[in-house]
Amino acid sequence: MTQANGLKDTIACDTRISSIVDDRLSYAGYSISELMDNNASFEEVIYLLWNLHLPTQIELKHFEKELRANYAISDAVEQCILIQSRQHLHPMSVLRSTVSLLGVYNVKAEENGVEATYEQSIQLMAKIPTIIATFARLRRGEIPIAPREDLGFAANFLYMLNGKEPSELEVLAMNRALVLHADHELNASTFTARVCASTLTDIYSCVTAAIGALKGPLHGGANERVFEMLKEIRDQGSTEIYLKEKLDSHEKIMGFGHRVYKTQDPREPYLRQMAKELTEGTDEAIWYDLSREVEDYMKNSKGLIPNVDFYSATVYHVLGIDSSIFTLIFAMSRVSGWIAHIQEQKKNNKLIRPRSNYLGQENLEYIPIGRR
Ligand code: ACO
């Protein structure tokens, strides 16, 4: 009997949202390079994933207006973030609980008609950056900053997080990072969201579950650990000795390897370029230089390629984002893809319920507890 292999290469659903063919990632037919090279905004990409076509100018304007009108979170939600920020909780656990709470406070959370689902989707998408920035500031002992409806998604997030108007380069980098992380076919968190959606549960439950899956170090949690590793290498002084020790003790190096990509993660060169541009000639150049050393060592010693999490660590750090909330930034973008998949799953639903390969004992005789 063959052993289960984590559903490797198994086709589990049909989709029109994104595809990976020959190490090329596309959103609804547009390759990542097509979107990146033409400076697509994150808002355009969300619209694309949800509607499977790019918006016209009027459609985009309307969509942006709807998002901006929903940026703000209620005092009750802010209070709950405040309570959680005082405890030493994992930031992804805080995001998971707060998204769940949005569902509790939404009186229409159990409605699942087209209109109600759309409203919930816009609200979730718009409020997640505010939740993250509020949490990050409260955790640093700072007062939260209210969102600004005159700013786009990327600029508003950086403004709320850092309390100052971001530069053009920073907004560009944030927007590009958001576009690159928006969707990725049937990765673990998206699969989780689709499994939940297939039971016809509400959107808040689906996104909450997806956040839980993304939190893991083998998925989105890797980027946080990449930056910790770069800091350790800097302190230790030798990339080669550090990596050799880890690999000799069979530890995985975060930000390397991929279940699907074999030659290159198509998102990585854009993040590498951004890391270079943002750090060049600054005190932060060390992170880019160390990353290049790690990349070379991993390629030469193990033939492993960097994935999306590797250079995003340096990009996020330079944008003023603390490494402990890197995975939240991933979630802030990926929620767009999760929502698209939840909606697609529900439109043509079939309960996702695979079978397992039982390896345990069989036909045992029950022995009363007194005789065991
Ligand atoms: N460091 C060292 N060795 C590695 C790494 C790594 N990062 N990735 C894979 N390998 C080795 C494994 O040890 C294994 O070697 P073996 O055959 O000698 O035992 C071989 O490569 C295959 O690895 P698997 O873990 O079986 O590959 P799988 O396709 O199941 O896993 C995964 C892919 C989970 C991404 C893996 O490469 C990994 O753990 N990477 C580190 C974590 C990471 O960066 N995650 C982010 C992924 S991208 C994303 O989710 C956004």
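How do helix 7 and helix 8 lie to each other, roughly perpendicular or roughly parallel? That was the first thing I looked up today. I kept in mind that this is a predicted model.

**Entry 1: helix 7 and helix 8**

I started with the angle and the distance, because two packed helices are described by the angle between their axes and the distance between the axes. Helix 7 covers residues 153-162 and helix 8 covers residues 168-181. Their axes come within 8 Å and cross at roughly 115 degrees. Angles of 65 to 115 degrees count as roughly perpendicular, so helix 7 and helix 8 are roughly perpendicular to each other. I also noted the handedness: helix 7 passes helix 8 in a right-handed crossing.

Next I listed who touches whom. Helix 7 brings Phe-153, Ala-154, Ala-155, Phe-157 and Leu-158 to the contact, and helix 8 brings Glu-170, Val-171, Met-174, Asn-175 and Leu-178. Sorted by class, that gives 8 nonpolar, 1 polar and 1 charged residues.

**Entry 2: helix 13 and helix 15**

Helix 13 (residues 268-279) packs with helix 15 (residues 308-318) at an angle of about 25 degrees, and the axes are 8 Å apart. That makes helix 13 roughly parallel to helix 15. The crossing here is left-handed.

On the helix 13 side, I wrote down Glu-268, Leu-271, Arg-272, Met-274, Ala-275, Leu-278 and Thr-279 as the contact residues. On the helix 15 side they are Val-308, Tyr-311, Ser-312, Thr-314, Val-315 and Val-318. The contact residues split into 8 nonpolar, 3 polar and 2 charged.

**Entry 3: Arg-267**

I stayed in the area and checked Arg-267, which sits in the loop between helix 12 (239-248) and helix 13. Is Arg-267 buried or exposed? Its relative accessible area is 2%, and buried means under 20%, so Arg-267 is buried. Leaving out neighbours within four places in sequence, I found Arg-267 in contact with Leu-25, Leu-180, His-184, His-258, Tyr-261, Val-308 and Arg-334.

Strand 1 (residues 18-21) pairs with strand 2 (residues 24-27) over 4 bridges, and Ser-19 has Ser-26 of strand 2 as its bridge partner. Strand 2 and strand 3 pair over 2 bridges, where Ser-26 is partnered with Ser-31. The hairpin of strand 1 and strand 2 has 2 residues between the strands, and Asp-22 there takes a positive phi near 50 degrees.

I looked at the faces of strand 1 too. In a regular strand the side chains alternate between the two faces of the sheet. Ser-18 and Ile-20 are on the covered face of strand 1, while Ser-19 and Val-21 are on the uncovered one.

**Entry 4: Thr-117**

Last, I picked Thr-117 in helix 6 (residues 114-139). Thr-117 is buried, with a relative accessible area of 14%. Apart from neighbours within four places in sequence, Thr-117 is in contact with Asn-112, Ile-203 and Gln-343. I also checked Thr-117 against His-181: they are 64 residues apart in sequence and 23 Å apart in space, C-alpha to C-alpha.

Technical notes: Residues are numbered from 1 along each chain as its sequence is written. This is a predicted model: local features need pLDDT of at least 70, side-chain atom pairs count only at pLDDT 80 or more; totals for chains, interfaces and linings use all residues. Side-chain values use heavy atoms; hydrogens and water are left out. Axes are lines fitted to C-alpha atoms, for helices over the stretch in contact, and angles run from 0 to 180 degrees between N-to-C directions. Angles under 35 degrees count as roughly parallel, over 145 as roughly antiparallel, 65 to 115 as roughly perpendicular and the rest as oblique. A crossing is left-handed if the near helix is turned anticlockwise from the far one by less than a right angle, and right-handed if clockwise. Contact means heavy atoms within 4.5 Å. Ala, Val, Leu, Ile, Met, Phe, Trp, Tyr, Cys and Pro count as nonpolar, Asp, Glu, Lys and Arg as charged, and the others, Gly among them, as polar. Buried means under 20% relative accessible area, exposed over 50%, partly exposed in between (1.4 Å probe, protein chains only). Two strands pair if DSSP finds at least two bridges between them.
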